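Take a look at the model below. Start with the ligand site, then turn to the aromatic rings.

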Amino acid sequence: MTYSKNIIDNIFGGIRPTSRALGKAATTIQGWYDSGTIPQKHWADIINAAKSFDHTLNSEDFFPKQLSRLESFGYPFNKLHCLSIDDFNRPDIETLLSLGAHYLDLNIQKNPNNRVLKGKTLINLFFENSTRTEKSFELAGKRLGADVISMQIANSSVNKGETLMDTAVTLNAMNPDIIIVRHSASGAPALLSQKVSCSVINAGDGIHEHPTQALLDALTIKSAFKKISGLRVAICGDILHSRVARSNVKLLNMLGAEVRLIGPKTLLPSEAETWGVNIFNNMKDGLEDCDIIMMLRLQIERMSDALIPSKREYFHFYGLDKEKIAYTKRRTLVMHPGPMNRGVEISSEIADDEKISLIKKQVETGVAMRMGILHALSNSQDSIK
Ligand code: CP
């Protein structure tokens with residue numbers, strides 16, 4: 001997108017609103033729009049008019065290059081998909097977190113002037129249940145001006161036996177820009193990304209990864225502690241079935257945190273020893289001096305065998321309550337990706353204590369972080385067109 005289109009569309013809301021705001025003929029604005037440049041003698045008027053639209057412009061924004069907030073973060077983000085934390089290097093992650101922080105600072109309000117995704121179509125394709133991820137992507141897309149379709153799988157032809165790939169190819173023929181997919185099979189979003197011509201975001205695939213959850217968790221931690229490097233983070237509970245844990249371990253390690261995993265041996269995958277983490281089987285040792293405790297849901301629906309004696313016994317040994325949080329011996333904040341099983345992995349007195357619980361903050365941050373991810377992918381699409 002040229003800088004003139006960006007200013008006309010994303011700051012003033014199109015050619016006619018720009019014409020009204022500047023008191024200039026629509027044909028003049030159309031000329032700037034088509035040519036991609038705006039004569040310097042008009043810059044001061046545009047900078048002044050943008051203020052009444054709550055935008056601060058400066059002369060750098062009129063340079064004949066692609067105007068994008070990504071460039072102002074100093075790194076050319078060029079990834080088209082978000083399938084795994086492995087897709088990203090450290091500068092990519094810093095760019096995504098900066099964009100997420102930007103939208104968090106804006107208080108993620110719907111801003112009619114922010115039309116970064118105007119003209120783009122997002123399809124939510126969730127084959128597994130979701131409240132937070134699906135709704136936050138829907139909100140994030142709408143707040144950036146996109147058209148958002150959330151597929152009702154129960155009412156779709158998937159129920160008549162259509163496969164994931166046939167569904168994806170059918171949707172792809174409708175020319176969406178981004179498909180956000182959640183599926184019970186690990187690797188399904190990656191496979192889908194090879195069959196479609198749009199960006200694909202993994203919203204959780206089996207026990208493999210949930211990269212956007214890890215990004216929103218990192219942004220939540222950064223907002224609370226002003227840093228991530230050097231923090232000690234304990235991820236506790238059903239690690240075996242947790243895509244959230246796998247993405248978080250990768251991301252937190254990349255960002256310099258010290259990661260601990262705590263859980264019963266039956267809920268810790270054997271390969272966790274290769275993940276660059278410290279592993280504990282009891283909360284007393286594992287929680288010592290932790291800055292963050294990230295509790296995980298016990299995923300009974302993914303368990304084929306009885307991996308715990310009973311929920312009651314599980315809570316006794318691994319459920320986070322006032323007694324166990326005292327093992328940390330320091331001020332600790334508590335996270336949980338949701339949905340929570342109260343009285344199984346976390347007590348209500350911990351989950352609802354706003355002095356220590358970041359759980360609601362994670363949900364709020366999720367919308368901002370997903371706005372940042374959508375913005376970044378959309379920007380990459382535009383820059384390769
Ligand atoms: N954390 C998370 O993925 O929640 P949902 O299942 O509600 O999307």
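What follows is a short walk through this predicted model.

Begin with the ligand. Its surroundings are made up of Ser130, Thr131, Arg132, Thr133, Arg182, His210, Gln213, Pro337 and Gly338. Sorted by class, this shell has six polar residues, two charged and one nonpolar.

Thr133 uses its side chain, with an N or O atom 2.6 Å from a ligand oxygen. His210 also contributes a side-chain atom, a polar one, at 2.9 Å from an oxygen atom of the ligand. On its own, the ligand has 250 Å² of accessible area, and the protein covers 93% of that. Where does the ligand sit among the pockets? The space it takes is the second largest pocket.

Move on to the rings. The structure holds three aromatic pairs. A charge also meets a ring: Lys324 lies over the face of Phe315. The distance from the ring centre is 5.4 Å.

Methods: Residues are numbered from 1 along each chain as its sequence is written. This is a predicted model: local features need pLDDT of at least 70, side-chain atom pairs count only at pLDDT 80 or more; totals for chains, interfaces and linings use all residues. Side-chain values use heavy atoms; hydrogens and water are left out. Rings of Phe, Tyr and Trp (its six-membered ring) pair if their centres lie within 6.5 Å; planes under 30 degrees apart count as stacked, over 60 as edge-to-face and the rest as tilted. A charge sits over a ring if NZ of Lys or CZ of Arg is within 6 Å of the ring centre and within 35 degrees of the ring normal. A residue is near a molecule or strand if one of its heavy atoms lies within 4 Å of it. A polar contact is a pair of N or O atoms within 3.5 Å; within protein, one must be able to donate a hydrogen and the other to accept it, and residues adjacent in sequence count only if both atoms are side-chain atoms. Accessible areas come from the Shrake-Rupley method with a 1.4 Å probe; for residues, only the protein chains shown count as cover. On a 1 Å grid over the protein atoms alone, a cavity is a set of points where a 1.4 Å probe fits but cannot get out, and a pocket is an open set with protein on both sides within 12 Å along at least five of seven lines; lining residues have an atom within 4 Å of a point. A molecule sits in a cavity or pocket if more than half of its atoms lie within 2 Å of its grid points. Ala, Val, Leu, Ile, Met, Phe, Trp, Tyr, Cys and Pro count as nonpolar, Asp, Glu, Lys and Arg as charged, and the others, Gly among them, as polar.
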